[in-house]
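Biologist: I would like to go through this structure feature by feature. Please give the general idea each time, and then the case at hand.

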Amino acid sequence: MSSSRADAAEGAGEPRLPLTGVRVLELGNYIAAPTAGRLLADFGAEVIKVERPGTGDELRNWRLYEGTTSMLFHTINRNKKSMALDLRSEAGRRLVLELVEHCDILLENFRPGTLEKWGLGPDELREANPDLILTRVSAYGQTGPMATQPGFAAVAEAMGGFRALVGDPDRPPVRAGVSIGDSIAGLYAAFGAVMHLFARERDSAASIPSTRRLVDVALTEAVFSMMESLLPDMEAYGVERTRTGGRLPGIAPSNAFLCRDGSIVIAGNGDSIFQRLMEIIGRSDLAADPTLATNQGRVDRQDEIEAAINAWTSNQTSADALRVLGEAGVPSGPIYTAADIGRDPQYAQRGMVQRRAVWTGERTIENVGFPGVVPLLGEKSLPLRSLGPRLGEHTEQVCHDLLGWTDSEIRSLLEGDAAA
C-alpha cells in the first residue's frame, strides 16, 4: 500500500477512507469474490474488475428484469471500475501481469487450476509482484481431494451443514432466499486480505514469505464456520441438530408469532426478559414458575410457552403488540418486506438506504434504494460513490493513467477484444 497513492487519491478530491491507497485487481465472477471486492471498495480501495469482453460478469444477467445490467450486479459491484479483457488470450495474460505490478490484492473465484491453465498462477503472479496478496475463493478450497470439483453456494450450504437446519422438521430442507454461502465467503475473503495488509504494514513485506501471502477461502468451510456448535454438540453429547422451523434450537422463547394483521418476531429468551413477557401476556403464573426461571426449563416446555404467547398475539395488531413489548423492554420486531425497509426511518436515519438513479442499459430509473455501507465509521453510512459500472467503462482510463499506455496501444487492445 503506497502512501503516495493515498495522497494522490485525496488530491483527486476523494475523501481519505481506511483503504484509500489500496489497489485491488478483481478477476472474480458471480457473488463470492465480487462481494469481497465490494467490501474493499466501500472503504476506499480502488477495485479494478476484469470482465469478459462482450458478455461481462454473468451476474449482469441474474435477476435481470429489463435492459442489460441487473440491480444485483449494480449492488455487488458498486464503487468499482470495469475493464473488458480476455484472460484466455496472450494479450490478456500479459496485461493482467502488468496490472498486478501496481496492485496490493488480487481476488479470484475460478475453479482451482483455472488461473494456472491461463499462465496466471501463483508463481507468475508473485514473479510480477512479490508483495501481492493473492485471495482465492472456491467451492472446496485450493487443496484436498475435492479441490478441483465445481460447486456453487447452494452446494456449499448443503455440505456445510446449513441446509439441513433450514425449514420445518416435517418437510424437506429449504434454502435461504439469498446466496448466503457466497456472501459469507466474500466476507472471509475481504477479512483475510485486510489481515495480510495489516501484517505487511506492521512487519514489513520482507518479513513475510510471499508463499504465505495467500488467502484460501472455501465456500463449504465458510458456511460450516457459521454453524456454531453443530459438530461439537453431536460429538460430545450425541445431539443431532434438526430443522426447527422458526424456532432457535435450544433457546426459548424465540420465534415468529401471528397477530391479527400479520406476524412479528419475539425474542423473550433472557431470564428477566421472559418474566416481563409473561406478565405482559397475562401469564404471571408462568413468570413465577421456578422451573421456567432458566433457559433449559423453558426449552423443555417450549410448546406450552409458545401457545401462551400465541394466545395473546392473536388478539393484537402487530403495531399494538410491538408497542407494548417495546415499552416493557422485550426484544421484538416486525417481519419486513423490501418495501418496509425502503420506508423505515431507522434505516434512513443511519444512511442504510441510499437512493440513486440507475441506468439499466435501456433507460434511467430514478430514486432506487440500495443498501448502505456496513459498518458505520461515524453517525451515518459512507456514501456510495458509484453503482456497478458499465462493461469495460474504465478500460481506457486504467491503461492510460495506471499503465501509461499510448492511444495506439489502447486502440489495439480494444480492437483485439472486440474481435475475440
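**Reading the features**

Modeller: Helix H14 (residues 302–313) lies across E7 and E8, and runs at about 30 degrees to E7. Helices (H or I, at least four residues) and strands (E, at least two) are DSSP runs, numbered from the N terminus. Axes are lines fitted to C-alpha atoms, for helices over the stretch in contact, and angles run from 0 to 180 degrees between N-to-C directions.

Biologist: What should I keep in mind about the model itself?

Modeller: This is a predicted model, in which local features need pLDDT of at least 70 and side-chain atom pairs count only at pLDDT 80 or more, while totals for chains, interfaces and linings use all residues. Residues are numbered from 1 along each chain as its sequence is written, and side-chain values use heavy atoms, with hydrogens and water left out.

Biologist: In what order do E7, E8 and E9 stand in their sheet?

Modeller: Two strands pair if DSSP finds at least two bridges between them. Here the order is E7-E8-E9, an open sheet of three strands with antiparallel pairing. Strand E7 (254–259) and strand E9 (332–334) are the edge strands, each pairing on one side only. On average, neighbouring strands of this sheet are turned by 30 degrees against each other, direction ignored.

Biologist: How many bridges pair strand E8 with E9?

Modeller: Three bridges pair E8 (residues 262–267) with E9, in the antiparallel sense. Ile-266 stands opposite Ser-332 in E9.

Biologist: Which strands stand at the edges of the sheet of six strands?

Modeller: That open sheet has the order E3-E2-E1-E4-E5-E6, with parallel pairing. Strand E3 (80–84) and strand E6 (214–218) stand at its edges with a single partner strand each, so one side of each has no neighbour in the sheet. Its neighbouring strands are turned by 20 degrees against each other on average, direction ignored. Strand E2 (residues 46–51) runs parallel to E3 and is joined to E3 by five bridges. The bridge partner of Ile-48 in E3 is Lys-81.

Biologist: Which strands does H2 touch where it packs on the sheet?

Modeller: Contact means heavy atoms within 4.5 Å. H2 touches strand E1 (23–26), E2, E3, strand E4 (105–108) and strand E5 (133–138), and its direction makes about 145 degrees with that of E4. H4 also packs on the sheet, touching E1, E3 and E4, with its direction at about 160 degrees to that of E1.

Biologist: At what angle do helix H2 and helix H8 pack?

Modeller: Two packed helices are described by the angle between their axes and the distance between the axes. For H2 (residues 32–42) and H8 (residues 180–203), the angle is about 50 degrees and the axes are 7 Å apart. Angles under 35 degrees count as roughly parallel, over 145 as roughly antiparallel, 65 to 115 as roughly perpendicular and the rest as oblique. H2 and H8 are therefore oblique to each other. Their crossing is right-handed; that is, the near helix is turned clockwise from the far one by less than a right angle. Among the residues that meet are Ala-32, Thr-35 and Leu-39 in H2, and Ala-185, Gly-186 and Val-194 in H8.

Biologist: How many salt bridges does a search of the whole structure find?

Modeller: Side chains of opposite charge can pair when their charged atoms come close. A salt bridge is a side-chain nitrogen of Lys or Arg within 4 Å of a carboxyl oxygen of Asp or Glu. The search finds 28 salt bridges. Glu-90 forms one with Arg-93 (3.1 Å, N to O) and another with Arg-94 (3.7 Å, N to O). Arg-93 and Glu-90 both lie in helix H4 (residues 90–100), three residues apart, about one turn of the helix. Glu-90 and Arg-94 are four residues apart in H4, again about one turn.

Biologist: Which parts of the chain does the salt bridge of Asp-303 and Arg-247 link?

Modeller: The side chains of Asp-303 and Arg-247 meet at 2.3 Å, N to O. This pair links distant parts of the chain, 56 residues apart: Asp-303 is in helix H14, and Arg-247 is in the loop between helix H10 (230–237) and E7. Elsewhere, Glu-26, Lys-49, Asp-57 and Lys-80 are linked in a network of salt bridges.

Biologist: Is Asp-303 buried or exposed?

Modeller: Buried means under 20% relative accessible area, exposed over 50%, and partly exposed in between (1.4 Å probe, protein chains only). Asp-303 is exposed, at 56%, whereas Arg-247 is partly exposed, at 26%. Glu-90 is partly exposed at 41%, and Arg-94 is partly exposed at 48%.
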